[in-house]
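Q: Can we walk through this one? I'm new to it.

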Amino acid sequence: MDDLRQAALAVRERAHAPYSNFKVGAALRTVTGHVAIGCNVENVAYPEGTCAEAGAIAAMVAAGETGIAEVYVVADAPDPVPPCGGCRQKIAEFAARDARITMATVDGAERSVTLAELLPGAFGADHMERT
Ligand code: THU
């Protein structure tokens, strides 16, 4: 877990967040032990910005990995920052319901939950099966 924290803190420094001034770093470990990192990348056309978690997931897939075992997200905030709704669904695409999601602050506060706790009632592929 400490390696994920260090990786998330380091990549957070490289975030491109000139509009919100809110830098976020994310690091995830895949089921095979690979670590992927991402930071938020904002855009002057605001909706085009991407979250740190989305960047880490893109890096994971680009590395040929598709199974998330755990995720660590860190920001400079009063309390640990939870992934946005869209990122919860993105994580759910690649993680089991018991995958651990840890939210943290740069000061060291942490809150850890499972994906099932973070995204109850998630939409999944089974919802598209008729029989
Ligand atoms: N952000 C993330 O990157 N991850 C989160 O979990 C929450 C929000 C980013 C998006 C935007 O660049 C900035 O934080 C402010 O919302």
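**Record and salt bridges**

A: UniProt, in an unreviewed entry, lists residues 1–126 as "domain: CMP/dCMP-type deaminase"; feature names there are shortened, positions follow the numbering used here, and annotations may be inferred rather than shown by experiment. This is a predicted model: local features need pLDDT of at least 70 and side-chain atom pairs pLDDT 80 or more, while totals for chains, interfaces and linings use all residues. Residues are numbered from 1 along each chain as its sequence is written, and side-chain values use heavy atoms, without hydrogens and water.

Q: How many salt bridges does the structure hold?
A: Three, a salt bridge being a side-chain nitrogen of Lys or Arg within 4 Å of a carboxyl oxygen of Asp or Glu.

Q: What does arginine 29 form a salt bridge with?
A: Aspartate 3, with the closest N and O atoms 2.8 Å apart, and glutamate 70, at 2.9 Å. Shared partners join Asp3, Arg29 and Glu70 into one network.

Q: Is arginine 29 buried or exposed?
A: Arginine 29 is buried, at 17% relative accessible area. Buried means under 20%, exposed over 50%, partly exposed in between (1.4 Å probe, protein chains only). Aspartate 3 is partly exposed at 38%.

Q: New topic. What is isoleucine 91 in contact with?
A: Leaving aside neighbours within four places in sequence, Ile57, Ile68, Val71, Pro83, Ile101 and Leu115; contact means heavy atoms within 4.5 Å.
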